[in-house]
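Subject: Structure handover

Hello,

Here is the structure we talked about. Please open it next to this email, and my notes follow below.

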Amino acid sequence: MSHARLSPYHYHFECLRHAHQHVRSQGADFIFCALPWVTMLRAPSDTERHLGMARFGGKEGGEEVTRITDRISWLQGNPPHLAQTYEGVDGFCDAYAREVMTGPGLITNPDGLTFQQDMTSRLVNVRHGFRVTTGVPVKHERSVYVFGTSPVYGFGSEDAHTIPSLLQARLNELNLQDSGFPAHGVLNRGIRGGSYSMLLGHLKHTPLRQGDLVIFFGCMVETEHGRVGWSKTPPDTLPRIVGLCQAHGIPTMDSTPLFERPHPHGEVFIDFSHLSPRGNKLVADRLFQTCFQLPREHKAVADDIARALRLEAIPEFSQEREDQLLRIPEVRDYLAHLKSLRPASGIVGSIVMNCNPFTLGHKHLIRLAAGQVDHLFVFINRENRQHFNFEQRFRMVQAGTSDLPNVTVLPYSGAWGTASTHPQYFEKEANPNAQLDATDDLSNFGRYIAQALGITKRFAGQEPYCPVTSQYNRQMAEHMPRYGIEYIEVERHCVGGAAVSASAVRRCIREADYATLRRLVPESTIAGLKDLGQIPPDA
């Protein structure tokens, strides 16, 4: 891996990309978890602001905290802010603070791998070089490896209060509730003062299996030139890393919103970068939700939809199919919301789009369609098997259409426009020659969505490049008239003789071709890409 002349955030991204590729090559799953420092928060509390300044020479209790040794000694002395930070922790006192802030040194084995020294205490235990995770089942079918530095190791937390242990507790609860859920063992691979070379070295020596999960927190105080002081790390490093990972399809969970105020959790940082047990639980709960709970819920909804859709093949069961769909709360609530938006009069049109990301081609199609109707509803696919997640794409479309007063941007939600109805569409880059059957999706649109909003026109752009999208357009032309909807195909917007495409935009981002990028997207998208850290501020 070469990192010559990389910006700090590109260096982090290259390390994470390398880790992601290795994990996927072993058949396991990967997610990058972004964890902020207090200096990265937009509206820190007074305590957080003070903690952020302390490393720049500020004072807490009259003691300088400009060196890491001073910081640890200061924390071991139970400074006043810890009373709030550890509120609710059983047994917290001076002795507790001294013990929980005390940790092992590092050793290097003959293979060059760095470990923590084993240690045993009432609150902090290290075995075989790594922090103990509490509650790991003796027998577990799948492993969850959590890689990172001291926040993952759990500096300042007892064994049961580290992020890996708290995640293990949530998985154990789920296993008790659902005996069919496979037992998972969460293994703490955090190294105090670790580096990317240490973490990647351990990752390569980890025996991954299909179904395992690697959660990678990264190392924020490192560049290609080695470790640097945390105060020398640019404050925009984390959002830029997150943006780059998301743009390149690396699964990412940004925990920063959990700590943006106002929030009801009180003080959650013990110093500039380490979380209290309460802060660790926020991250562990969000990881559980992101990696385990939401996928299960989405699968349950998809299974319900699939069961209902299978009845479509038998005409006499069509009413039963409709009844099943409308019994799904997500579907029922979505349709009720659409009905509340139905215009009282006028011609109503629609477009269903990915906008991955929003381009001048999308803007061209929306502007032309908006000129032919009184009200235009633009639906954005919720499916997240894309370079930009739904929330990012939705915001870009809203920003890019804010000058069109008769346009409303909506999520294409529930049973509509997801892999449950036409999975080939969302796998078209990996399998461009797949045969698409969008019957269920188009039937749902005509029977439910168009009826709810009074839609009589559906627009789409011509598709000269993608065979899968071209199939979808042809099937729209066939199905829409069955529901009294006029299908209108619009000529694609071209730049330099070529149709503008989102894939060309993503290529410009990857290749840092910002001159071409500006010819393909509106200024609102440029601003959005900068906010996500996917292009530099001066692009």
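I start with helix H20. Its buried residues pack against three helices: H15 (390-400), H18 (502-510) and H19 (514-520). Please keep in mind that this is a predicted model.

Which residues of H20 (residues 523-531) are buried? They are Thr525, Ile526, Gly528 and Leu529. They span an arc of only 165 degrees around the axis, so they sit on the same side of H20. Glu523 and Asp531 are on the other side of H20, and they are exposed. An α-helix has 3.6 residues a turn, so residues three or four places apart point the same way. After H20 comes glycine 533. The phi of glycine 533 is positive, near 75 degrees.

Is phenylalanine 358 buried or exposed? Its relative accessibility is 0%, so phenylalanine 358 counts as buried. Leaving aside neighbours within four places in sequence, its contacts include Met396, Val397 and Gly400. Val521, Pro522 and Thr525 are also among them. Thr525 is one of the buried residues of H20. Gly528 is another of those buried residues. The C-alpha atoms of phenylalanine 358 and glycine 528 are 9.8 Å apart. In sequence, the two are 170 residues apart.

Next, two helix pairs. Two packed helices are described by the angle between their axes and the distance between the axes. Both pairs below involve H16.

H13 with H16. Helix H13 covers residues 329-340, and helix H16 covers residues 439-453. Their axes are 7 Å apart, at an angle of about 30 degrees. Angles under 35 degrees count as roughly parallel, and H13 and H16 are therefore roughly parallel to each other. Which residues of H13 meet H16? Tyr334, Leu335, Leu338 and Lys339 do. Their partners in H16 are Tyr448, Ile449, Ala452 and Leu453. By class, this contact has 7 nonpolar residues, 1 charged and no polar.

H16 with H17. Helix H17 runs over residues 467-479. The axes of H16 and H17 come within 10 Å and cross at roughly 45 degrees. That angle makes H16 oblique to H17. The crossing is right-handed. From H16, the contact takes in Thr439, Asp441 and Leu442. From H17, it takes in Tyr472, Gln475, Met476 and His479. The residues of this contact divide into 3 nonpolar, 3 polar and 1 charged.

At 3% relative accessibility, methionine 476 counts as buried, because the cut-off for buried is under 20%. What does methionine 476 touch, not counting residues up to four places away in sequence? It touches Leu442, Arg458, Ala460, Pro481 and Tyr487. Leu442 is also one of the H16 residues that meet H17. Methionine 476 and isoleucine 488 are 12 residues apart along the chain, and their C-alpha atoms are separated by 9.6 Å.

Last, the overall counts. The protein has 539 residues, and 55% of them count as buried. It contains 20 helices and 20 strands. Take the contacts between residues at least 6 apart in sequence: 71% of these join residues at least 24 apart.

Best wishes

How values were computed. Residues numbered from 1 in each chain as written. Predicted model: local features only at pLDDT ≥ 70, side-chain atom pairs only at ≥ 80, totals over all residues. Heavy atoms only, no water. Axes fitted to C-alpha atoms, helices over the stretch in contact; angles between N-to-C directions. Helix = DSSP H or I, 4+ residues; strand = E, 2+ residues; numbered from the N terminus. Parallel < 35°, antiparallel > 145°, perpendicular 65-115°, else oblique. Contact = heavy atoms within 4.5 Å. Nonpolar A, V, L, I, M, F, W, Y, C, P; charged D, E, K, R; others polar. Left-handed = near helix turned anticlockwise from the far one by under 90°. Buried < 20%, exposed > 50% of the residue type's maximum accessible area, 1.4 Å probe, protein only. Arc of directions from axis to C-beta.
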